[in-house]
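We'll work through a few exercises together, one step at a time.

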Amino acid sequence: MECKEVGNRFFREQKWVRAIQEYSKGLADSSLPADTRGLLLSNRSQCRLNLEEWDQAFEDADACLKLLPEHAKSIFRRGVAHEKLGRRNEALMDFARVVKAEPQNAAAIK
């Protein structure tokens, strides 16, 4: 899918707003399979974390997890958003899920 590749290129270049725009274009395609939609949401969530858009980052990570319930990156991203929004208990639950799924994940252990 072209929007994902273009979005990923902007992501690598740390052009977060442009990446969000491309991921959003991709999400407008209602025929996308659930796993692709989930990955676009997860990537957009990370961009929003980088822009300190905590509420939107949470929403995207949470939406991804409805499609891909065990996606560790999105669980972690939702945890970061929870933490930044002052929801410490929810953040700790998400970080614990990540550590359980990926015991080597140093970021979640912190």
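## Exercise 1: A histidine in a loop

His71 sits in the loop between α4 and α5. A quick note before we start: this is a predicted model, where local features need pLDDT of at least 70 and side-chain atom pairs count only at pLDDT 80 or more, while totals for chains, interfaces and linings use all residues. Residues are numbered from 1 along each chain as its sequence is written, and side-chain values use heavy atoms, with hydrogens and water left out.

Task: find out whether His71 is buried or exposed, and what is in contact with His71.

Step 1. You need the cut-offs: buried means under 20% relative accessible area, exposed means over 50%, and partly exposed is in between (1.4 Å probe, protein chains only). His71 has 18% relative accessibility, so His71 counts as buried.

Step 2. Now look for contacts, meaning heavy atoms within 4.5 Å. Skip the neighbours within four places in sequence, and His71 is in contact with Leu39, Ser42, Cys64 and Leu65.

Step 3. Check the side chain too. The side chains of His71 and Ser74 are joined by a polar contact of 2.9 Å. (That's a pair of N or O atoms within 3.5 Å; within protein, one must be able to donate a hydrogen and the other to accept it, and residues adjacent in sequence count only if both atoms are side-chain atoms.)

Step 4. Finally, go along the chain to Val98. His71 and Val98 are 27 residues apart in sequence, with 9.0 Å from C-alpha to C-alpha.

## Exercise 2: The helices on either side of that loop

Task: work out how α4 and α5 are arranged and which residues meet.

Step 1. Locate the helices, which are DSSP runs (H or I, at least four residues; strands are E, at least two), numbered from the N terminus. Helix α4 covers residues 54–67 and helix α5 covers residues 72–84.

Step 2. Two packed helices are described by the angle between their axes and the distance between the axes. Axes are lines fitted to C-alpha atoms, for helices over the stretch in contact, and angles run from 0 to 180 degrees between N-to-C directions. Here the angle is about 150° and the axes of α4 and α5 are 8 Å apart.

Step 3. Look at the crossing, which is left-handed if the near helix is turned anticlockwise from the far one by less than a right angle, and right-handed if clockwise. α4 passes α5 in a left-handed crossing.

Step 4. Pick out the residues. Those of α4 that meet α5 include Trp54, Phe58 and Leu65, and on the α5 side you'll find, among them, Ile75, Ala81 and His82. Sorted by class, this contact has 8 nonpolar, 2 polar and 4 charged residues. (Ala, Val, Leu, Ile, Met, Phe, Trp, Tyr, Cys and Pro count as nonpolar, Asp, Glu, Lys and Arg as charged, and the others, Gly among them, as polar.)

## Exercise 3: Another pair of helices

Task: describe how α3 packs on α4.

Step 1. Helix α3 spans residues 34–50, and the axes of α3 and α4 come within 8 Å and cross at roughly 160°. That makes α3 roughly antiparallel to α4.

Step 2. The crossing of α3 past α4 is left-handed. Among the residues making the contact are Leu41 and Leu49 of α3, and Ala57 and Leu67 of α4. By class, they divide into 9 nonpolar, 4 polar and 4 charged.

Methods:
Angles under 35 degrees count as roughly parallel, over 145 as roughly antiparallel, 65 to 115 as roughly perpendicular and the rest as oblique.
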